[in-house]
Amino acid sequence: LKATGTVVAARELSLRPRIGGEVIGVHPELEPGAIIAAGETAVTLDVTDYDLVVKQAERGVSQAKVQLKQAQVRRLQADGQLVQAKSQLVQAQYNHTLELGKQDVARHEWDMLEGKETATELDRALTLRKPHLEKALADVEAAEAAVAISAADIDSADAGLETARTAVSTAEATLEQAQLNVMRCAVKVPFNAVVLERGISVGAQVTSQTELAVLVSADVFWVEVALPMDRLPWVALPTADTPGAAVVIRPSGAIADDATWQGRVIRCLPSLQANGRRARILVEVPNPLTAAKIPLLLGSFVNAEIEGPTLHDVYEIPRESIHNGCDVWLRNADGRLDVVATQALWGDESKVLISTGLKEGQMLITSDLASPVPGMLVLLPDEAATAQEATARDAAPAKGPQAGGARVQGKGRME
């Protein structure tokens, strides 16, 4: 399959910094047409300000870690206070229980006391141990309040501990960001690249929106090939198990025979060509700058020869041998004209592949006949000469037109 196409970039990148600053270094090969290897530093920015930010972030991390230690100590102290408060509560509850027992003894003694009718209210209260019971109850309530306060202190310590941990994480993230910004002062090339344009020089002030250079991949170019829609079924697209059709790329014009590049079809584009309304396929060409004697240039118009499928039991005949769309002229064994309808499987400007209607060894008429009539006598050039000699001898005209011919032969691969 022969077609034409245009060379385009497989990967194109507008190289921009992630941060702003002053340009203090530029790669010596950052010039249009030069190649820079992947991972090399194309542009270097002044790192001084970002180093200061790193030091500040390191101090912030240290301070946050100190505060975290303090929060952990407060949490441990709150645990100790809660344990102490619970111990005091147990002691107060124990004292209250003992006092309840003493209350029973005191009531029994009061009941046995003689002359209690003359006792004052104070005497009665002291004898029955009412102040002692009230103190025991107050001690229990105070201990319970202390436990509640200690539990609240633990909650507060937990919140402070979580805040301190968050502060450490934030400080560490700030430090990491500052360290990343230091690394980003070296703007690296992400792939083996050809420089198309350079936009800066040493001393320039740049931001994250500044275009430093325009790069394209040096490893692979694409060729956007346009094909008539009826040719598309003959192009093998890649699958999970098989690669796409092989393609030979040649430059157009006077240097067509000076270089070739090997490529493969990688996909069919989802839209037709804007002007020609033809289908478009992408051909991937590896090592476009070094695979031939001359580099394959972006934007150049090239010729593409796409390998087609292998066809069996077909016959290749000249296109001019087709008449009325599908008929061919054959000279039968009797030397007369047969008009045979055929089915063309594929064709181009010069040839047609016939799948039905022809047989091996038939005589195909390739010359033009002025008034072809099935069954008319058709003479070959040598037969016409013999007939002319006979005419000269017998003074009788020879009948039947002369025709050039060729034997029908099979052709296996579509080209």
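Analyst: Of the chain's 415 residues, 33% count as buried, meaning under 20% relative accessible area with a 1.4 Å probe and protein chains only, while exposed means over 50% and partly exposed lies in between. The model is predicted, so local features need pLDDT of at least 70 and side-chain atom pairs count only at pLDDT 80 or more, whereas totals for chains, interfaces and linings use all residues. Residues are numbered from 1 along each chain as its sequence is written, and side-chain values use heavy atoms, with hydrogens and water left out.

The chain has 4 helices and 21 strands, taken as DSSP runs numbered from the N terminus (helices H or I, at least four residues; strands E, at least two).

The largest nonpolar core holds 27 residues; such a core is a set of buried Ala, Val, Leu, Ile, Met, Phe, Trp, Tyr and Cys residues joined through side-chain atoms within 4.5 Å. Val-223, Val-225, Ile-249, Val-265 and Ile-306 have the most contacts inside this core. At least two residues each come from strand 1 (2–9), strand 10, strand 11, strand 12 (261–268), strand 13 (279–286) and strand 14 (301–306). Strand 10 gives the largest share, 4 residues.

Leaving aside residues up to four places away in sequence, Val-225 touches, among others, Ala-3, Gly-5, Ile-281, Val-283 and Ile-306, contact being heavy atoms within 4.5 Å.

In the loop between strand 10 (220–227) and strand 11 (246–251) sits Pro-233, which counts as exposed because its relative accessibility is 69%.
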